[in-house]
Amino acid sequence: MAVNSGRADLRRRLRALRREVPPPARIGAADGLARQLLALPLRDGARVAGYWAADGEIPLHAWQLRLPRDTVYCLPVLHADGRLRFAPWRSGEAVVPNRFGIPEPEVAPDALLDPESLDLVVVPLVGFDARCHRLGMGGGWYDRSFAFRHHRPAPPRLVGAAFAFQQVDDGLPSETWDVQLDAVCTDHSTILRPE
């Protein structure tokens, strides 16, 4: 898809396309995405974060269920400072809706992990380009949470997750606060950030 208008219009069009994916295609895409994500290197006992798919986002359940047993899987939790924290979570554990209606683990505040303590974060997105620039929902949660990566290359690795059709042909317009991804995995391939 070409970028020929503003970010808000592009976001609206891509979100509409994402919501139109029928359930059988969504399940197949989740399996394809899981294959791509599982091919990424991961240390034993890694702390990884995903997301609870909403608004037509490509789901992560197929990946989560195939992770090595010693992997600590986390979900994001909104924090009052405008940044995300991450809560270890297993399928079936309690969740509560946040202010946007997205389920978050119901855990004590001292159980939350800071973004810097993770090894890999799979990030939802609305659109992406070949340079691994990400167009998010517009709230800035991931950009604020991982802003420390602007000043130093540091863990965690940030990998976008998307349907292949969410790639835009032209480069995405970027802002100074946008945090670039290390890679994007789709249901068909993995795109690595150019050096």
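Mentor: The largest pocket has a volume of about 680 Å³. A pocket, on a 1 Å grid over the protein atoms alone, is an open set of points with protein on both sides within 12 Å along at least five of seven lines, whereas a cavity is a set where a 1.4 Å probe fits but cannot get out; lining residues have an atom within 4 Å of a point. Volumes are the space filled by probe spheres on points joined across faces, edges and corners. The model is a predicted one, in which local features need pLDDT of at least 70 and side-chain atom pairs pLDDT 80 or more, while totals for chains, interfaces and linings use all residues. Residues are numbered from 1 along each chain as its sequence is written, and side-chain values use heavy atoms, without hydrogens or water.

Several elements contribute at least two lining residues each: helix H1 (7-19), strand E2 (72-78), strand E5, strand E8 (134-135) and helix H4 (141-145). Such helices (H or I, at least four residues) and strands (E, at least two) are DSSP runs, numbered from the N terminus. The lining of the largest pocket divides into 17 nonpolar, 5 polar and 8 charged residues. In this count Ala, Val, Leu, Ile, Met, Phe, Trp, Tyr, Cys and Pro are nonpolar, Asp, Glu, Lys and Arg are charged, and the others, Gly among them, are polar.

The second largest pocket holds about 270 Å³ of space. Its lining consists of 13 residues, with Gln64, Thr71, Tyr73, Trp89 and Arg90 lying nearest the centre. By class, 7 of these lining residues are nonpolar, 3 are polar and 3 are charged.

Strand E2, which supplies lining residues to the largest pocket, also contains valine 72. Valine 72 is partly exposed, because its relative accessible area is 29%; on this scale buried means under 20%, exposed over 50% and partly exposed in between, with a 1.4 Å probe and protein chains only. The C-alpha atom of valine 72 is 23 Å from that of threonine 190, a residue 118 positions away along the chain.

The structure contains 2 cavities of 30 Å³ or more. The largest cavity has a volume of about 50 Å³, and it is lined by Val123, Arg134, Tyr142, Asp143, Phe146, Leu158, Val179 and Leu181. The lining of the largest cavity comprises 6 nonpolar and 2 charged residues, with no polar ones.

The second largest cavity has a volume of about 30 Å³. Around it lie His133, Arg134, Leu172, Pro173, Ser174, Asp178, Val179 and Gln180. Its lining divides into 3 nonpolar, 3 polar and 2 charged residues.

The charged contacts complete the picture. Side chains of opposite charge can pair when their charged atoms come close. A search of the whole structure finds 14 salt bridges, each a side-chain nitrogen of Lys or Arg within 4 Å of a carboxyl oxygen of Asp or Glu. One of them joins arginine 43 to aspartate 119, with N and O 3.0 Å apart. Because arginine 43 lies in the loop between helix H2 (23-38) and strand E1 (47-49), and aspartate 119 in the loop between E5 and strand E6 (120-124), this pair ties together parts that are 76 residues apart in sequence. Arginine 43 is partly exposed at 48% relative accessible area, and aspartate 119 is partly exposed at 21%.

A second salt bridge links arginine 83 with glutamate 116, their closest N and O atoms being 3.5 Å apart. This pair also connects distant parts of the chain, since arginine 83 is in the loop between E2 and strand E3 (84-88) and glutamate 116 in the loop between E5 and E6, 33 residues apart. Glutamate 116 counts as partly exposed at 35% relative accessibility.

Aspartate 129 and arginine 131 form a further salt bridge, with the closest N and O atoms 2.9 Å apart. Aspartate 129 is buried, because its relative accessibility is 1%, whereas arginine 131 is partly exposed at 35%. Finally, salt bridges link Arg15, Arg18, Arg19 and Asp55 in a network.
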